[in-house]
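Me: I have a structure to go through and some labels I want to understand. Please set each value against its cut-off.

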Amino acid sequence: MKDQLLKALVLDNKVRLYIARTTDLVQEARDRFDLHSCATAALGRTLSVGSLMGSMLKSNQEMLSITINGHGPIGTIIVDAYHDGHVRGFCSDPHVEDIYHENGKLNVGAVVGKDGTLTVTKDLHMQDNFVGTVELQSGEIGDDFAYYFTLSEQTPTAVSVGVLVTPEGQVISAGAMIIQMLPDATETEIAYCEHILSGLKPMSTLIYEYDDSSLEELARDLFEDPNILTVQDICFDCPCSKERMANALSTLSTDDLMDIIEQDHGCEITCNFCNERYQFSESELIAILERRNVH
């Protein structure tokens, strides 16, 4: 089953439900950055929740950025998310040493750390961006986002997110789920959601078990008669291009550009967000310099 994102209303339209299957996009992130297993899980969880949060935006002109830094060995995790559910992101140390719990499961919290913050910056095309910051609760990502929604956005929210990855780097399953109470939700709806959550399997297990099924089927198995609003394809996607990198080079001083031309006779620029590499020959750099000087 391909990566998709589902949005629905459940329990008499008093609760929002978001579900994403993100196995392929997490695998792409793993492959692009050669992530080790703990880094795959940490970045993959953030990408998965980010895809859901991006889908909550109102228009294609809006986007949000997530920054997590718990002062753990992985360093900083940064994810950009867009209205269409597409995401991109990276972490400071893709080769961070894997840490395990006693039961053999990856210890994402130990790699991320919890002596730090989770910050969400929303570019809503207004005069000022919205910025919400909370202290990390566990570094396990899901708990931290639930705390963010409840504290920063004043929305009682449950977050389940998981990435199942082999030591060899194969992402077997990945996904995320967000359940949010709307203002008119009563104790009955809250109690029902708590009952669902108390028996919920790990998110990576659910995605794996429903790999041959639709997200609509998963939603119907969790809640009676969900009101499915949309189901859309999602992916790891970066809007970088050689043209954008050329524009970035044009902001360098004349002396700096001349140094690159005369000493290196070309250059390579790597996009932090997707690890795509762009080559510029000496003649291309000269053309960039000439265009910049003309303008």
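Reply: Start with helix H9, residues 254-264, which gives the most to the negative patch: five residues. Keep in mind that this is a predicted model.

Me: Which residues gather in that patch of negative charge on the surface?
Reply: They are Asp 255, Asp 256, Asp 259, Glu 262, Asp 264 and Glu 282. Asp and Glu count as negative.

Me: Why is Asp 264 called exposed?
Reply: Its relative accessible area is 52%. Exposed means over 50%, so Asp 264 is exposed. Asp 264 lies in helix H9.

Me: How many aromatic pairs does the count come to?
Reply: Three.

Me: Why is the pair of Tyr 148 and Phe 149 called edge-to-face?
Reply: The ring centres are 5.5 Å apart, and the limit for a pair is within 6.5 Å. The planes are at 65 degrees. Tyr 148 and Phe 149 are both buried.

Me: What makes the pair of Tyr 192 and Phe 223 tilted?
Reply: The planes of Tyr 192 and Phe 223 are 35 degrees apart, with 6.1 Å centre to centre. Stacked needs under 30 degrees and edge-to-face over 60; the rest are tilted.

Me: Why does this pair tie together parts that are apart in sequence?
Reply: Tyr 192 lies in helix H5 (residues 187-198), and Phe 223 in the loop between helix H7 (215-222) and strand E10 (227-233), so the parts are 31 residues apart in sequence.

Me: Are Tyr 192 and Phe 223 buried or exposed, and how do you know?
Reply: Phe 223 has a relative accessible area of 2%. Buried means under 20%, so Phe 223 is buried. Tyr 192 has 29%.

Conventions:
Residues numbered from 1 in each chain as written. Predicted model: local features only at pLDDT ≥ 70, side-chain atom pairs only at ≥ 80, totals over all residues. Heavy atoms only, no water. Patch = residues over 30% accessible without salt bridge, like charges linked within 9 Å, V, L, I, M, F, W, Y side chains within 5 Å. Areas by Shrake-Rupley, 256 points an atom, 1.4 Å probe, with all protein chains shown as cover. Salt bridge = Lys/Arg side-chain N within 4 Å of Asp/Glu carboxyl O. Charge placed at Lys NZ, Arg CZ, Asp CG, Glu CD. Helix = DSSP H or I, 4+ residues; strand = E, 2+ residues; numbered from the N terminus. Buried < 20%, exposed > 50% of the residue type's maximum accessible area, 1.4 Å probe, protein only. Phe/Tyr/Trp six-rings, centres within 6.5 Å; stacked < 30°, edge-to-face > 60°.
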